[in-house]
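This report covers the salt bridges of the model and the contact between its chains. The sequence and structure are shown first.

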Amino acid sequence: MKEIVITNARYMVDPYTNESVSIIADFDGKTIGVPLSTKNTDYAEIMRQVEAGELTIEPAD
Amino acid sequence: MANPIDLATLLREQVGGRRNLIINGAMQVAQRGTSETGITGASGYYTCDRYQFSGFIGSTVFTVSQSTDAPDGFSNSFKVDVTTAGSPSTADDYCQIIQRIEGQNLQQLGFGSSSAQPLTLSFWVKSNKTGAASVELQQKDNSDKQVTPSYTINAANTWEHKVINIPADTSGLINNDNGTGLWVLFWLNSGTNLNSGTNRTTWTAENNADRNASNLGIGGSTDDEFYITGVQLEVGETATPFEHRSYGEELALSQRYYQVIAYSTAGQQDAAYNTDHFSVPFNVMRVQPTLDAFTFNKAGHVGGSLTNLGGATISYFDNAVDFVWSSTDTAYRNFGYRVAGSMSLKAEL
């Protein structure tokens, strides 16, 4: 099956807790917000590509 | 007496009650819109809820839509139309329609046990193309298994009702959870790596070559089109009449996986953290959802601007998305204001 092209992945940090709470990324060119939930299929695909060495999630600005 | 109901059949087959394991089988619900054009080398949920379309057939361009062309008793169908013809450019190219079913909704099948139940898949289909085509059920939990029967479109441009029996699987346990239990696929076209094998009518180990062994070949002409509706997957060996549900029921079932929310709520500046924030609640979904689309308008005193997803931190709570962003305007500290817009949430399998 064809692979989704994920770019510009970046963690988002809650300013109140200073903890990472989600990821913003471009999926096939469309910007989406992704929760840190293993059952979320978009998060699972991000982590699959990270583990495959195909994607790096940048830290929050 | 005509057509007597045999008690044994009544007990064995699920004649009454909720029968259809497919959501939006009559293609009534299309929250994302009724048409998507220019699909080439792409996959996504475009129109009818719960159905993912993949169009990877070389340079072929597709339009998919919620059509009003439907057989008697139905109002809608899922239509795939070829607007630019092409052919597979690689042996791994594919074109398919798929619905994934949650594992906890399939426990009555008893798969993976000696009491496993057979299934029956039925649907209405229409195409300019005639000949054999493939459907596929895949079971991903604990074993990658598939069953890949074929069916035949006998007459061009004519609605036909198809019934396909799926055997029980006594060794393929489906997990009782909110992950994927079954894939139900309708194949439209593929490259040779996906159609050089044999249609399988029993559960076998995953083998790409068998998946679309009878290839309908949609995509080679701008005349090509494919319609489907009345999709029903049910326990038992008999296709019962389609279980029509109300629009409201199908919408509610679909919203477990995708929701469009028009919101109007209160925002607040927080002087202590130099932030602005607001929350939007949503109905319970399968899992914490992806924020798939977002618009934002503000009224009243608001400090920082928020024009796109990248401008805010998104936090997820049980049934709410919280937006927080840095505010640089100190003129209205601790003032409230109104925010309004829409957001789309996706928790598809």
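In this predicted model, the side chains of A:D42 and B:K346 meet in a salt bridge, with 2.9 Å from N to O. A:D42 sits in helix α1 of chain A and B:K346 in strand β21 (residues 336–346) of chain B, so the pair joins two chains. A:D42 is buried, at a relative accessible area of 6%. B:K346 is buried as well, at 15%. Side chains of opposite charge can pair when their charged atoms come close.

Over all chains, the structure holds 20 salt bridges. Three of these pairs are listed below.

| Salt bridge | N to O distance |
|---|---|
| A:D42 and B:K346 | 2.9 Å |
| B:E249 and B:R18 | 2.8 Å |
| B:E160 and B:K162 | 2.6 Å |

B:E249 is partly exposed, with a relative accessible area of 32%, and B:R18 is partly exposed at 43%. In the pair of B:E160 and B:K162, both residues are buried. Shared partners link B:R18, B:E243, B:R245, B:E249 and B:E250 into one network of salt bridges.

**Interface of chains A and B**

Between chain A and chain B, 22 residues of chain A are in contact with 33 residues of chain B. The two chains bury about 2,200 Å² between them, and 55% of this is on carbon and sulfur atoms. On the chain A side, A:M1, A:K2 and A:Y16 lose the most area to chain B, together 32% of what that side buries.

The count of salt bridges between the two chains is three, and 15 residue pairs are in polar contact across the interface. In chain A, β1 (6–13), β2 (20–27), β3 (30–35) and α1 (41–51) each supply at least two residues of the side that touches chain B. β3(A) gives the most, with six residues. By type, the residues of this side divide into 10 nonpolar, six polar and six charged.

**Chain A**

Chain A has one helix and three strands, in the order β-β-β-α along the sequence. Its radius of gyration is 11 Å, close to the 10 Å that the globule rule gives for 61 residues, so chain A is as compact as a globular protein of that length. Buried residues make up 41% of the 61 residues in chain A.

Technical notes:
Residues numbered from 1 in each chain as written. Chains lettered and ligands numbered in written order. Predicted model: local features only at pLDDT ≥ 70, side-chain atom pairs only at ≥ 80, totals over all residues. Heavy atoms only, no water. Contact = heavy atoms within 4.5 Å. Buried area = accessible area lost by both parts, 1.4 Å probe. Salt bridge = Lys/Arg side-chain N within 4 Å of Asp/Glu carboxyl O. Polar contact = N/O pair within 3.5 Å; in protein donor to acceptor, adjacent residues only side chain to side chain. Helix = DSSP H or I, 4+ residues; strand = E, 2+ residues; numbered from the N terminus. Nonpolar A, V, L, I, M, F, W, Y, C, P; charged D, E, K, R; others polar. Rg over C-alpha atoms; globule rule 2.2 N^0.38 Å. Buried < 20%, exposed > 50% of the residue type's maximum accessible area, 1.4 Å probe, protein only.
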